[in-house]
Amino acid sequence: LGDVYIVFSTREHDLFIDDSLYKIAWATLLVFSAFGVALVWLLRRTVIRPIQSLTQVTDKAIAEELPALLAQQSAWEGDDEIQTLGARFRALLQGLRQREAARHAAEYALREHKKNLERTVEQRTHAMRLAQQEANRLNQAKSVFLAAASHDLRQPIQAISLFQSALESTPLTEEQQQLSRNIGVAVASLNDILGTLLDISKLDSGAIKAVPRCLPVESLIERIDQMFGELARQRGLRFKLWFPMSGLALQTDPGLLFVLLRNLLDNALKYTRQGGVLLSVRRRGGRALIQVWDTGIGISPSDLQAIFDEYVQVANPERDKNKGLGLGLSIVRRIASLIGTEVRCRSIPGRGSVFELSIPLCPPDALSGGAACPLPPATTAMATGPRKVVLVEDDALVAVALSRALEGAGMVVTRFISGDA
């Protein structure tokens, strides 16, 4: 009957698809735009800002630690932050390598300098040790010479003193008497100075050896009272001796201990203007504590360590020779070391001082066995009247001086130059 045609059209479908694709494209664009914005924000927050902060920290580190690299700052810049940071890191690493190389070079130079310095110090120390040994040898030789020559050095002074004494016994004018007295004072001063220097030389050379014996305290006190009691009274000072326990004996060298105490007491009387001086001997266990107290000018704390050195006089800045040479306490220190003790000092300026030392006591059985050795008396009486004296002296000057002195005392003197003669 005929043909039926069914016609399909895609126009509406194509329009629908086109419209859908357009909407999808806009939606996708919006989504990607939003995603891009979020990604940029996220990158800026999590990457760019830390990179910028790290760049600033790097710049600060370079400025503080490697200021020499600041001149190359224009070479640090890149196209973006990461390139800039990379450039800065490269510059920082380069600077650190340079500084590490410089540090290694400095360490090497320091090690070499240290080695050279150690060699120099070792050489100087060795040279100084040799010089010190030579100085000690020369000082020892000097001390030995002075100790050996002390007799010859003293003889001319003794002769002068004897001649001066003989001169005073002759008729003199008043002016001549004054000159003679001045000669006597000068000779006495010279004799004291020379005697002190020779005593130090003997101590330093080892010529004097301590010989410990039992010394009764009563004997020591009696000898000291004989020597200083009247002198203190003449100066208007009190002189006290305090030893509460009788029968004590010291285990020491009697002569050296007496010289030590004599110097301490002489100093105490010399620097005490009012008040007095006290010598005390008290028992402390198996030892005796000997103290010399005075109410003198005192010693400042800064000078306590120096007073035992040679030629130190804290109360004699003008270096008046009449006040001594400042060798008394130096001799005290040497003698104390020789007899095995130490002298300590405490003082208050303006109030006084105390010097003290500790000496071992003799055991009681040593005293009962008669081993005690008392000190010789301070003075020995000379027999009066004419006596025949044989004088043996090889020094003609001293022989004449001694003969004149003895003849002036009424002696009949016969001189010989030697024992054989």
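How many residues does helix 5 have, and how far does helix 5 reach from its first C-alpha to its last? The points below take up this question and then turn to the surrounding sheet and the aromatic pairs of this predicted model.

1. Helix 5 has 18 residues and reaches 25 Å from its first C-alpha to its last, a span close to the 26 Å expected at 1.5 Å a residue. Just after the helix comes Gly 236, which takes a positive phi of about 75°.

2. Several residues of helix 5 are buried, among them Val 217, Leu 220, Ile 221, Ile 224, Phe 228 and Ala 232. The buried residues of this helix pack against strand 1 (213-216), strand 2, strand 3 (249-252), helix 6 and strand 4.

3. The sheet is open and consists of five strands in the order 2-4-5-7-6, with mixed pairing. Strand 2 (238-242) and strand 6 (344-348) stand at the edges; each has a single partner strand, so one side of each is left without a neighbour in the sheet. On average, neighbouring strands of this sheet are turned by 15° against each other, direction ignored.

4. In general, strands of a sheet pair through backbone hydrogen bonds, either parallel or antiparallel. Here, strand 5 (residues 287-294) and strand 7 (residues 352-360) run antiparallel and are joined by eight bridges. One example is Ala 288, whose bridge partner in strand 7 is Ile 359.

5. Helix 5 (residues 217-234) lies across strand 2 and strand 4 (276-284), and runs at about 175° to strand 2. Helix 6 (residues 254-270) lies across strand 2, strand 4, strand 5 and strand 7, at about 25° to strand 5.

6. The count of aromatic pairs comes to two. In one of them, the rings of Tyr 22 and Trp 26 have their centres 6.0 Å apart and their planes at 75°, so this pair is edge-to-face. Both residues lie in helix 1 (residues 11-65), four residues apart, which is about one turn of the helix. Trp 26 counts as partly exposed, at 43% relative accessibility.

7. The rings of Phe 228 and Phe 239 have their centres 6.5 Å apart and their planes at 40°, so the pair is tilted. Because Phe 228 lies in helix 5 and Phe 239 in strand 2, the pair ties together parts that are eleven residues apart in sequence. Phe 228 is buried, with a relative accessible area of 3%, and Phe 239 also counts as buried, at 14% relative accessibility.

How values were computed:
Residues are numbered from 1 along each chain as its sequence is written. This is a predicted model: local features need pLDDT of at least 70, side-chain atom pairs count only at pLDDT 80 or more; totals for chains, interfaces and linings use all residues. Side-chain values use heavy atoms; hydrogens and water are left out. Two strands pair if DSSP finds at least two bridges between them. Helices (H or I, at least four residues) and strands (E, at least two) are DSSP runs, numbered from the N terminus. Axes are lines fitted to C-alpha atoms, for helices over the stretch in contact, and angles run from 0 to 180 degrees between N-to-C directions. Contact means heavy atoms within 4.5 Å. The expected span of a helix is 1.5 Å times one less than its number of residues. Buried means under 20% relative accessible area, exposed over 50%, partly exposed in between (1.4 Å probe, protein chains only). Rings of Phe, Tyr and Trp (its six-membered ring) pair if their centres lie within 6.5 Å; planes under 30 degrees apart count as stacked, over 60 as edge-to-face and the rest as tilted.
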